[in-house]
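Here are my notes on the model you sent over. Have it open while you read.

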There are 2 protein chains.
Amino acid sequence: MSTRVSFVGAGPGDPELITVKGLCRLRAADVILHDCSVSTALLGEARPGAEILGAGLSHAELLDRMLERARRGARVVRLNDGDPTLFGRLGEEILALRAAALDFEIVSGVTAATAAAALAEVSLTDGHRMATVVLATGTDDDGRRPAGLDWDGLARADGTLVFYMAVQGLSAITAALMGLGRDPRESAVIIERAGREGQRVLAGRLCDVVTLARDARVGSPAVLLVGPTVSVPAVPARARATLVDAGARPGVRAV
Amino acid sequence: MSTRVSFVGAGPGDPELITVKGLCRLRAADVILHDCSVSTALLGEARPGAEILGAGLSHAELLDRMLERARRGARVVRLNDGDPTLFGRLGEEILALRAAALDFEIVSGVTAATAAAALAEVSLTDGHRMATVVLATGTDDDGRRPAGLDWDGLARADGTLVFYMAVQGLSAITAALMGLGRDPRESAVIIERAGREGQRVLAGRLCDVVTLARDARVGSPAVLLVGPTVSVPAVPARARATLVDAGARPGVRAV
């Protein structure tokens, strides 16, 4: 049985942050089923004549197309934002493929947490200490503080916290963490559109990051980093992209 | 100021899991300073005449070479296992570069957690639920249960736990988690040498994964996944590599 479906992590946005193997699969695909936010530059790597699907499809429709095309023997690439194993619907899609006795592989991608840290030029762990990093969903379907998360545990965790899709829930997240005992002066950094056009880094503290984000009109997608190792120098190492509407506010910088 | 030092994530072992940008930096480098476990195939991508350093150097010596070569104007690549922002010494290295007013960039890589999940063909999160994933160091310098971790928090966490470098501390980790209330029948998967020659997946439960690992003589590096979404089917989807010395034991499979 040859591999019919390749789940490929597109990485965080910058098309050059796909893996060599992922790009190879993408270029060889007969059919590409992509998350809507995947970069158009990556989709431009498809071979002429490849079928590209994603925009406007429900997840059920996308899964249906995946099974149908794979059954016909097409080389299918399921192109996910970031990495397929994190915060996607890989579990369901694998179940459906197994039920249909269709073969697949998973080609890893760079996930937003590490891409955001790279852009902010911070380490998520401290080399001298035993460490944990918690990756969490930052927004539920209603844009509120995700009810299913263990906020007590997150407030007590001594390592770095990374919230994906953190814009809508930002105020609720920071309020919950501070309300349950996390130090309001702890470093908090928002990385907006990491790896994409217009990417920005806003560095503040747990107590002021909501104001920073509101004043700078931060939009989705954005990642929030909170923790002891994510302190960002106020002076930019370089100016790589658009300067944030910073005014005289310290701690806001552009990359 | 042009970029003098590029921190590049080599990914989990498979040389094709480096990013396109990372490979580009590697091929253009005058000097490559690598972690010892980085694949020789990747080092083979260096241009003729590039200086390759890493083996046999202490971290202090490596840092010293990095600063000296960058000051001379060389294009330096610091090639890290996995991703530079996780479980490495990026924090110290950045501080030294900033102190020397040397410019740098960070090119993300695929981290072992997601590469291990890909190989085991499991998702680290469930698409239907709000989710957390905890990334943790699995072994301290003495090979014991890492004293600095919040074991209470890890035992209570309702998402997936990922322990890097989990072989030496395996018995202590599983004992601590079960002792503090984690369900002994929860799925536990060890992924040995993910992305490298001889890679293996051993799927069991928190209560028997130590025995599985001992019987299969699992060595470093290996990642341990524990959690509700990491249940691996006993029947392999494919046979990709060496079959584990499985005998009739259910739940052990090779990829």
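**Notes on the sheet and the interface**

1. Let's start inside the sheet: in β4(A), A:Leu33 has A:Arg78 as its bridge partner. Strands β2 (residues 31-34) and β4 (residues 76-80) of chain A run parallel here, over four bridges. Strands are DSSP runs of E, at least two residues, and helices are runs of H or I, at least four; two strands pair if DSSP finds at least two bridges between them.

2. A word on ground rules. This is a predicted model, where local features need pLDDT of at least 70 and side-chain atom pairs pLDDT 80 or more, while totals for chains, interfaces and linings use all residues. Residues count from 1 along each chain as written, chains are lettered from A and ligands numbered from 1 in written order, and side-chain values use heavy atoms, without hydrogens or water.

3. Zooming out, the open sheet has five strands, ordered β3-β2-β4-β1-β5 (chain A), with parallel pairing. β3 (51-53) and β5 (104-107) of chain A sit at the edges, each pairing on one side only.

4. Now the partner chain. 61 residues of chain A are in contact (heavy atoms within 4.5 Å) with 61 residues of chain B. The copies meet through the same surface, because 100% of chain A's interface residues are also interface residues in chain B.

5. How many salt bridges cross this interface? The rule (Lys or Arg side-chain nitrogen within 4 Å of an Asp or Glu carboxyl oxygen) finds six between chain A and chain B. B:Asp14 forms one with A:Lys21, with the closest N and O atoms 2.6 Å apart. β6(A) gives the most to the side of chain A that touches chain B: six residues.
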